[in-house]
Every structure is written in C-alpha cells, then in structure tokens.
Amino acid sequence: SNPFPNMAPSATAVPLRWRRAPRWRGKGASQGGPGRSPSATNLAAVVEPLTDLSNTQYLGLVSLGTPAQHVEVIMDTGSSDLWVHASVFKPTASSTAKGTGWNASITYGQGSISGQVLEDSLRLGDLALAGQQFMLAGAGLQAVVADGVLGLAMPGLSHTGETVLQNLQRQAGVTLFSLVLSGPEGNSFLVLGLPDDSLYQAKTLTWVPAVTGLWWAFQ
C-alpha cells in the first residue's frame, strides 16, 4: 500500500542495473508461483521499529553519513527513491559524502520535489550500506511530515539510481522484507530478512507471483 494517497510517482525511470538472482520479494509476493516459498539467503532478520501515523504513514529512524546523522523517513512501498530534506542532512559534516554531479526530480500526485543526488553511507538498524544514492531535496511536499522518504518499490520507479533494496541485496544478501503493522497504539516494524514465526502464522502464508515490475502487486 502507498502511504501517500493520490501521490503515486511518475513512471519515468533512469537506466538501472538489476541483478535477477536472487530476486527481491516482499512478504507474500514471490516470483516462484503460488504456494511456493522463495529461497532466501538471510540468516537473521533486522527489525526496524516504525511509528504509525493514523494508519496512513509509517516512519522509521535511519542514519546517513559519517558520523551518523539520524533522519526519520516514511517507509513507502509505492515509490523507490530515498530522499531527505536538505534541512536535516549536512553533506559537509560527513566524511563519506560524495556528489554525483547530477540532479533528480520526483513527481507525485500532490506535487514535485527535486534536488542534487548524493552518495553516502546508510544504516538501517544493524545493517550498514556504503555508497547509497539519495536525493537531498529542496522545498516541497508539505504533506510529508517526516524528514524524507525511503522507497521500497521496485527499481523501475527509481529516479535517483540504485535503490535501497538493490543495495541491501548486493551488499548484505538481504532479499526479503515484510511489514508488521499493528495500528497507532500497537508496535509496528519493518523486517529486513525472514521474520520470526512469532510475528505471523507461518502455516497460513501463501506466496503469489508479483505481476508488475514497479509496485508490489498481485492478482
């Protein structure tokens, strides 16, 4: 689901390298066919707590740069880019920040946002990724109450280069993620890797083929 109602990004995409084996799979969506569990290289799941805002936006804390600069981002399965507002991240304060020399623009149903594309280290829980591309965004999208957005959709929607999911696969061998959503009063999580059986009823899990190369959708 997309936490931005009527804010689906445009389908314009930049060329990307996409490694097909193993393929990325969201929980309950597989390329292996109905009822068939995908192979996973994940040894232990990383659990990232989320803040549930009225069942519409789900915020998680990540860090960028060296030393770490903490930012709260919306985990969005309807887009693929990572971006943060320029007011919350200072590239000059990070020893690992690198410019790419190009800018990007992302258009949503309720507006656009643009800025320079950088590379820097990204940490989600215990996972550290080097050279993650992201956009340092200017003003815009006042509906976004967080410091930015971390997109969890497929590479075909990316405007800023390799996605976080691609780098999780390439650098950390993580090929599966799931969302545990328990409402504003409960405990919600983003789980990177195979989730613990205590978080769901394993015997009821069914794998179905993803039908689009853009969003996590199934028939």
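Helices (H or I, at least four residues) and strands (E, at least two) are DSSP runs here, numbered from the N terminus. I'm looking at a predicted model, where local features need pLDDT of at least 70, side-chain atom pairs count only at pLDDT 80 or more, and totals for chains, interfaces and linings use all residues. Residue numbers start from 1 along each chain as its sequence is written, and side-chain values use heavy atoms, with hydrogens and water left out.

Fold first. I read the element order from the N terminus as β-β-β-β-β-β-β-β-β-β-α-β-β-β.

Contacts next (heavy atoms within 4.5 Å). Taking those between residues at least 6 apart in sequence, I find that 70% join residues at least 24 apart.

Burial: I use buried for under 20% relative accessible area, with a 1.4 Å probe and protein chains only. By that cut-off, 46% of the 219 residues are buried.

Then I looked up P155, which sits in the loop between strand 10 (148-151) and helix 1 (164-172). P155 counts as buried because its relative accessibility is 9%. Its C-alpha is 6.3 Å from that of S80, 75 residues away along the chain.

Last, the nonpolar cores (sets of buried Ala, Val, Leu, Ile, Met, Phe, Trp, Tyr and Cys residues joined through side-chain atoms within 4.5 Å). The largest has 27 residues, and L150 and L192 make the most contacts inside it. Strand 9 gives the most to this core, four residues. I also noted another core apart from it, with 14 residues, including L59, I74, W83 and Y108.

Conventions:
Buried means under 20% relative accessible area, exposed over 50%, partly exposed in between (1.4 Å probe, protein chains only).
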